[in-house]
Amino acid sequence: MNKAGLLQELNLKAVRSSGAGGQHVNKVSTKVELAFDVANSNALSSIEKERVLHRLANRLTKDNILMLQADATRSQFKNKELVIKRFLELLENAIKIQKKRRKTKPSRSSVEKRLRKKKKDALKKANRGRPKLD
């Protein structure tokens with residue numbers, strides 16, 4: 001993954017934030033929207049593209065464009081930094097190869113401990129009832 005190449009391919013746009021905020025919010029564009037075309041990226045290899053398309057499928061548009069936005073601060077510059085940071089983390093996690101999980105058996109002592117606790121709890125609950133008068 002070529003970070004410099006990725007940053008050049010980003011399409012950043014400043015727009016007006018939504019929500020309450022008085023007069024200031026209506027005249028200043030502080031919200032930053034980021035668009036990244038995954039399918040046509042030159043910074044990603046074909047294998048990386050495949051992983052991103054598979055792992056981030058629910059976050060992509062029909063045209064395989066990844067959209068992110070940030071309007072956490074009142075500063076356009078900070079929002080831009082924030083959205084780029086979030087984008088890079090998202091892409092790194094999508095590209096990372098995950099370790100395969102090895103199945104393991106629970107130890108004998110842990111099984112015995114669980115069964116002892118289960119028996120103890122069952123007795124506790126059984127003793128909560130009314131005593132039987134024989």
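Trainee: Phe 36 and Phe 87: buried or exposed?
Mentor: Both are buried. Keep in mind that this is a predicted model.

Trainee: How many aromatic pairs are there in the whole structure?
Mentor: A search finds one. The ring centres of Phe 36 and Phe 87 are 5.0 Å apart, and the planes stand at 65°, so the pair is edge-to-face. The cut-off for that label is over 60 degrees.

Trainee: Which elements do Phe 36 and Phe 87 lie in?
Mentor: Phe 36 is in strand β2, and Phe 87 is in helix α4. The pair therefore ties together parts that are 51 residues apart in sequence.

Trainee: What about the rest of β2, residues 31-37? How many are buried?
Mentor: Six of the seven. So β2 is largely enclosed by the rest of the structure.

Trainee: Which strands pair with β2?
Mentor: β1, residues 11-15, pairs with β2 in the antiparallel sense over five bridges. There, Lys 13 has Glu 33 as its bridge partner. β3, residues 65-70, also pairs with β2 in the antiparallel sense, over six bridges. Leu 34 stands opposite Leu 68 of β3.

Trainee: Switching to helices. Which residues of α3 are buried?
Mentor: In α3, residues 46-55, they are Glu 48, Lys 49 and Val 52. They cover an arc of only 100° around the axis, which puts them on the same side of α3.

Trainee: And what covers them?
Mentor: The cover over the buried residues of α3 includes α4, residues 76-95.

Trainee: Which exposed residues sit on the face turned away?
Mentor: Ser 46, Ile 47, Glu 50 and His 54.

Trainee: Now α5, residues 108-126. How many of its 19 residues are buried?
Mentor: Zero, so α5 lies largely in the open.

Trainee: What span should α5 have?
Mentor: At 1.5 Å a residue, it should span 27 Å. The end C-alpha atoms are 27 Å apart, which agrees.

Trainee: Let's zoom out. What is the pattern along the sequence?
Mentor: It reads α-β-α-β-α-β-α-α. That comes to five helices and three strands.

Trainee: What radius of gyration does the chain have?
Mentor: It has 27 Å, but a compact globule of 134 residues would have one near 14 Å. The C-alpha atoms fill a box of roughly 85 × 45 × 25 Å along the principal axes.

Trainee: And how much of the chain is buried?
Mentor: Buried residues make up 25% of the 134.

Terms used
Residues are numbered from 1 along each chain as its sequence is written. This is a predicted model: local features need pLDDT of at least 70, side-chain atom pairs count only at pLDDT 80 or more; totals for chains, interfaces and linings use all residues. Side-chain values use heavy atoms; hydrogens and water are left out. Buried means under 20% relative accessible area, exposed over 50%, partly exposed in between (1.4 Å probe, protein chains only). Helices (H or I, at least four residues) and strands (E, at least two) are DSSP runs, numbered from the N terminus. The arc is that of the directions from the helix axis to the C-beta atoms. Contact means heavy atoms within 4.5 Å. Two strands pair if DSSP finds at least two bridges between them. The expected span of a helix is 1.5 Å times one less than its number of residues. Rings of Phe, Tyr and Trp (its six-membered ring) pair if their centres lie within 6.5 Å; planes under 30 degrees apart count as stacked, over 60 as edge-to-face and the rest as tilted. The radius of gyration is taken over C-alpha atoms; the globule rule is 2.2 Å times the number of residues to the power 0.38.
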